[in-house]
Amino acid sequence: MIDPVAIDIVSAVLLLTGAMSCLLGALGLVRLPDLPSRMQAATKPQTLGLLLILAGTALRVELESAVTLLLVGLFQVITAPVISQLLGRSAYRAGTVRRELLVVDELAGKMPEERSS
């Protein structure tokens, strides 16, 4: 049998680490200069923070509720990169991404020709 105090300590560490990751992601979202950087801050630390919070919460609840938390985490891991990709591609097409700052521009050859009116 696992000591309940050890479970409480591990749960608290996971919850606090997850909250700290979410806080850092939020700070990055406010402080970073351009859209691609902000998207990084909005997705990766937030996803990691949510997963840590869900893991910390799963240690404190019954097994049936922990399975639900697992599904929430899985949904987040699946949807966050897709939404980020769609948002980045839309911003690129709209011209709001400063292309001179990109290290690699994989969309440059795939974009349709701009129509002149």
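**Figure 1. Helix α1 and what covers its buried residues.** Cover for the buried residues of α1 includes α2. Here, contact means heavy atoms within 4.5 Å. Helices are DSSP runs (H or I, at least four residues), numbered from the N terminus, and strands are E runs of at least two. This is a predicted model, in which local features need pLDDT of at least 70 and side-chain atom pairs count only at pLDDT 80 or more, while totals for chains, interfaces and linings use all residues. Residues are numbered from 1 along each chain as its sequence is written, and side-chain values use heavy atoms, with hydrogens and water left out. Helix α1 covers residues 4–31, 28 residues in total. From first to last C-alpha it reaches 40 Å, close to the 40 Å expected at 1.5 Å a residue. The expected span is 1.5 Å times one less than the number of residues in the helix. S11, G18, S21, G25 and G28 are the buried residues of α1. Buried means under 20% relative accessible area, exposed over 50%, and partly exposed in between, with a 1.4 Å probe and protein chains only.

Figure 2. S21 is part of helix α1. Its relative accessibility is 10%, so S21 counts as buried. Beyond residues up to four places away in sequence, S21 touches P45, L48 and G49. L15 also has its place in helix α1. L15 is partly exposed, at a relative accessible area of 32%. Neighbours within four places in sequence aside, L15 is in contact with L52, I53, G56 and T57. L15 and L50 are 9.0 Å apart, C-alpha to C-alpha, and 35 residues apart in sequence.

**Figure 3. Helix α2 and its cover.** The buried residues of α2 have cover that includes α1 and α3. They are M39, A41, T43, T47, G49, L52, L54 and G56. Helix α2 has 24 residues. Its first and last C-alpha atoms lie 34 Å apart, close to the 34 Å expected at 1.5 Å a residue.

Figure 4. A41 is found in helix α2. With a relative accessible area of 7%, A41 is buried. The C-alpha atoms of A41 and L29 are separated by 5.4 Å. Along the chain, A41 and L29 are 12 residues apart.

**Figure 5. Helix α3, its bend and its end.** At 1.5 Å a residue, the 32 residues of α3 should span 46 Å. The end C-alpha atoms of α3 are 46 Å apart, which agrees. Helix α3 bends by about 25° at T79. The bend is the angle between axes fitted to the seven residues ending at a residue and the seven starting there. After α3 comes G95, with a positive phi near 85°. Buried in α3 are A66, L69, G73, A80, S84, G88, A91 and Y92. Their cover includes α2. An α-helix has 3.6 residues a turn, so residues three or four places apart point the same way.

Figure 6. V77 is found in helix α3. It is partly exposed, with a relative accessible area of 40%. V77 touches T47 and L51, not counting residues up to four places away in sequence. The C-alpha atoms of V77 and T47 are separated by 6.9 Å. These two residues are 30 residues apart along the chain. S84 is found in helix α3 as well. At 17% relative accessibility, S84 counts as buried. Leaving aside neighbours within four places in sequence, S84 is in contact with M39 and T43.

**Figure 7. The largest pocket.** The largest pocket has a volume of about 620 Å³. On a 1 Å grid over the protein atoms alone, a pocket is an open set of points with protein on both sides within 12 Å along at least five of seven lines, whereas a cavity is a set where a 1.4 Å probe fits but cannot get out. Grid points are joined across faces, edges and corners, and the volume is the space filled by probe spheres set on the points. The pocket is lined by 23 residues, lining residues being those with an atom within 4 Å of a point. M39, Q40, S84, Q85 and G88 lie nearest the pocket centre. The elements giving two or more residues to the lining are α2 (35–58) and α3 (63–94). By class, the lining has 11 nonpolar, seven polar and five charged residues. Ala, Val, Leu, Ile, Met, Phe, Trp, Tyr, Cys and Pro count as nonpolar, Asp, Glu, Lys and Arg as charged, and the others, Gly among them, as polar.
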